[in-house]
2 protein chains.
Amino acid sequence: MTQPLHLSLAGQAVDVLRELVLTGELPAGSRVNEVEIAHRLGISRGPLREAIRGLAAEGLLELVPHRGARVPMADQAEVKALFELRTALECAAAELAASRRTDVDIARLRAVSEESRRNYHAGVKFPYRLDLAFHQALLEAARSPRIAEQVRLVQQKVVLLRARLEDDAPHQFASMDDHDELINAVVAGDAQRAGQIMRKHLSRVCAQMITSLAD
Amino acid sequence: MTQPLHLSLAGQAVDVLRELVLTGELPAGSRVNEVEIAHRLGISRGPLREAIRGLAAEGLLELVPHRGARVPMADQAEVKALFELRTALECAAAELAASRRTDVDIARLRAVSEESRRNYHAGVKFPYRLDLAFHQALLEAARSPRIAEQVRLVQQKVVLLRARLEDDAPHQFASMDDHDELINAVVAGDAQRAGQIMRKHLSRVCAQMITSLAD
DNA sequence: CGTCTGTAAACTGTCGACAGTTGGCAGTCT
DNA sequence: AGACTGCCAACTGTCGACAGTTTACAGACG
């Protein structure tokens, strides 16, 4: 997507800062101390401030006048709003994928699905990594770069919520079933059904996330 | 949404630069000379660079290593990809609006529609301003802040294309009809139909924009 | 005449320093 | 004791300057 790798310090700072936010090393609600982070990254405040502006435009940070940047805190309403956006995007992606998929796309989707099942039966939890990989594969099949881009941004914010669903076995099982149903619809080229399944899938995930936020 | 008003120079620079890009004062494909713009805004390069990063994250500028920022140029493929995104977002918005609309929402939609008809019959061209107002009113009725936010960003990029459709009378008429059909579907609470009409509407606009880009 | 090369101007990327604002703390007054 | 006031430290916002890279141009060479 982007160049081999960001050569500018600001570009690198974007990546590092993003990681700090997404891993929770900078907890939600906390302020971003420019001098401290800049020193930690071994750069000056200039490039760091540029990186902060970039991430703020992505929605991963919020800017408060004269108080710098903060990691945004999400309440229940925000989660719902976020999933309405995600549903709009991923349903469209699922429909497009059903109309445009090629054999390679299908192979890729099935590979991810099978790896999930293997892991699950081997007693390994369904890792978020594989869920992400599935949605990623679906996006590739949809061949809509702008939609894919936005989905990635939304998924980042979902990660930011850090509501870990990985321990919930019934949820994992339901998700894997959703994924397989989706694959069938995509293979059949049934756009409408693919969209419906995706809607159901995301509605389940959203509900799960809301209840898991209530503690 | 954002703060009362940007007090920081970088914040103001974002607004001014955005205007410069959207009005075409900085033509598509042109490079953004930091010293020149900074001098023109009466600020130093620091805040300006922050503003550039922000707009780049919005997609209104593209960053090239050691070559600064450029106003992106859109080809036909880009227009299609952009409208796939817009369709995904606005169809979802139309569906949500049909399920959530209140009397105030309906009144607002009808007011915009009637103003359009009045203008048209008075021989005034259908201004882009009113088209925007209609879609804006629909977004308010949908009550989905994150979707609304993304639609605004997409609409900005559509403006960037600067394919002026305002002179095309048949297109204007068709658009106004689409809008009225949409209002009917929304009033009836028919989400599915609202989505279909929006899809048709945007597909027409997209086609129009592509042909108007071919010169 | 076209191409290649070397040099200089222009521009971006980065830094350190200064100014203005915010938030907390101590001291004072009621 | 509680509230108010004034000061101080910490931090953000901004600027000017320097270093490295790109680009344009002029001259040399095939």
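This is a predicted model: local features need pLDDT of at least 70, side-chain atom pairs count only at pLDDT 80 or more; totals for chains, interfaces and linings use all residues.
Close-up 1. A backbone N or O atom of A:L9 is placed 2.3 Å from a phosphate oxygen of DNA strand C. From chain B, a backbone N or O atom of B:E34 lies 3.3 Å from a phosphate oxygen of this DNA strand C, and a polar backbone atom of B:H66 is likewise found 3.3 Å from a phosphate oxygen of DNA strand C. The elements contributing two or more residues to the surface near DNA strand C are α1 (9–22) and α3 (45–58) of chain A, together with α3 (45–58) of chain B.

**Close-up 2. The protein surroundings of DNA strand C.** DNA strand C is surrounded by 17 residues, of which the closest are A:L9, A:S44, A:R67, B:R45 and B:R49. By residue class, this surface near DNA strand C comprises five nonpolar, six polar and six charged residues.

**Close-up 3. The open three-stranded sheet of chain A.** The strands of this sheet follow the order β1-β3-β2, and their pairing is antiparallel. Strands β1 (31–32) and β2 (62–64) of chain A form the edges, each pairing on one side only.

**Close-up 4. The pairing of β2 and β3 in chain A.** Strand β2(A) is joined by three bridges to β3 (residues 68–70) of chain A, and the two strands run antiparallel. Within this part of the sheet, A:V64 stands opposite A:G68, a residue of β3(A). In general, strands of a sheet pair through backbone hydrogen bonds, in either a parallel or an antiparallel manner.

How values were computed:
Residues are numbered from 1 along each chain as its sequence is written. Chains are lettered from A and ligands numbered from 1 in the order in which they are written. Side-chain values use heavy atoms; hydrogens and water are left out. Two strands pair if DSSP finds at least two bridges between them. Helices (H or I, at least four residues) and strands (E, at least two) are DSSP runs, numbered from the N terminus. A residue is near a molecule or strand if one of its heavy atoms lies within 4 Å of it. A polar contact is a pair of N or O atoms within 3.5 Å; within protein, one must be able to donate a hydrogen and the other to accept it, and residues adjacent in sequence count only if both atoms are side-chain atoms. Ala, Val, Leu, Ile, Met, Phe, Trp, Tyr, Cys and Pro count as nonpolar, Asp, Glu, Lys and Arg as charged, and the others, Gly among them, as polar.
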